[in-house]
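The sequence and structure are shown first.

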Amino acid sequence: MTHNTRITFTNLLYKFPKPNRWQQGIGAELPEAYKKFWKEWKLDRPKPVHWIDKEGKYERWTDGTIRPIQNVDIPLKYPKEFDKGIWGGEAVIQGMMKPKQKKRRYVHYWVPQLKRVVYSEILNKYMNTIVTERTLDLIHQHYGFDHYILSTKACDLRSLLALNLKRNMLIALFDKTLYPDDPVKQKEVYEKYKHYTKGYTREEMEWYGYSYEEACKMLMLNKKKSIVTVPLKVKFREELIQIEPKSWLSKLNIFKSNSNKSATE
């Protein structure tokens, strides 16, 4: 039995929890601001889009039997293109299709309809990005694209593009950098959306919307910026002066040698 096998067996015997990404390595050094966003993004349950949650604990079936309600989420697939668009909670669904009774079933994918072009009032720009029909409906329900992005949780936005837009909007509102050339428009837009910044600190806004890999890179860059490098010649000069300060000062004092000569003469 190897050493690793003994450790695994001991953990199972005493039910020691397996260390996760937040307890060891660089993940343990990430700030609480990012961990708060991660919980909202990955651990919170999103709103049901492709299914309907039933209320209560039991329901009566058509055959008259009473059975417990089981709200099971439909497994969704998120392709790479998902993070480059705003799908409004929709995703790709994998299922089986059977065209006729005596035919075999085959795998089928249901893909949402994709469209383009949205406008952000806070960022003041049109974005040629991919959105779904449901995203457009949600934008209309929230009376604008910015209201939809800022009022929706990370677990419902899901895509990195939408989360990055939300971070930029929050920082622009908090720092009041929107419409720098038009103070009247800046005040109008700020008063319209400022209530969305109340639930966040400035640090939480900076760490909002990054993937785990991006957050680790950002942490390493911040560490490099905080390290002050001193040239070796400056370091060695200071060490040498501290070792023999009197002898060096005496050598540099020109007037001292001249005064000694005049005294002997």
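How much space lies in the largest pocket? About 380 Å³.

## Basis of the values

This is a predicted model, in which local features need pLDDT of at least 70 and side-chain atom pairs count only at pLDDT 80 or more, while totals for chains, interfaces and linings use all residues. Residues are numbered from 1 along each chain as its sequence is written, and side-chain values use heavy atoms, with hydrogens and water left out.

## Largest pocket

A pocket is an open set of points on a 1 Å grid over the protein atoms alone, with protein on both sides within 12 Å along at least five of seven lines. Lining residues have an atom within 4 Å of a point. A volume is the space filled by probe spheres set on the points, which are joined across faces, edges and corners.

The largest pocket, of about 380 Å³, is lined by 21 residues, and those closest to its centre are Pro46, Lys47, Val49, Gly89 and Asp156. Helix 3 (133–141), helix 4 (145–151) and helix 5 (154–157) are the elements that give two or more residues to this lining; helices here are DSSP runs of H or I with at least four residues, strands are E runs of at least two, and both are numbered from the N terminus.

By class, the lining has 10 nonpolar, five polar and six charged residues. Ala, Val, Leu, Ile, Met, Phe, Trp, Tyr, Cys and Pro count as nonpolar, Asp, Glu, Lys and Arg as charged, and the others, Gly among them, as polar.

## Second largest pocket

The second largest pocket holds about 200 Å³ of space. Its lining has 13 residues, with Trp41, Lys42, Asp83, Leu160 and Ser211 closest to the centre. Helix 2 (32–43) and helix 9 (212–226) each give two or more residues, and helix 2 gives the most, with three.

## Cavity

A cavity is a set of grid points where a 1.4 Å probe fits but cannot get out. The count comes to one cavity of 30 Å³ or more, and the largest cavity has a volume of about 40 Å³. Ala33, Lys36, Phe37, Glu40, Tyr200, Glu204 and Tyr208 line the largest cavity, and helix 2 gives the most to this lining, with four residues.

## Glutamate 121

Glutamate 121 sits in the loop between strand 7 (114–120) and strand 8 (125–132). Is this residue buried or exposed? Glutamate 121 is buried, with a relative accessible area of 15%; buried means under 20%, exposed over 50% and partly exposed in between, with a 1.4 Å probe and protein chains only.

The side chain of glutamate 121 makes polar contacts with the side chains of lysine 192 (3.1 Å) and tyrosine 193 (2.7 Å). A polar contact is a pair of N or O atoms within 3.5 Å; within protein, one must be able to donate a hydrogen and the other to accept it, and residues adjacent in sequence count only if both atoms are side-chain atoms.
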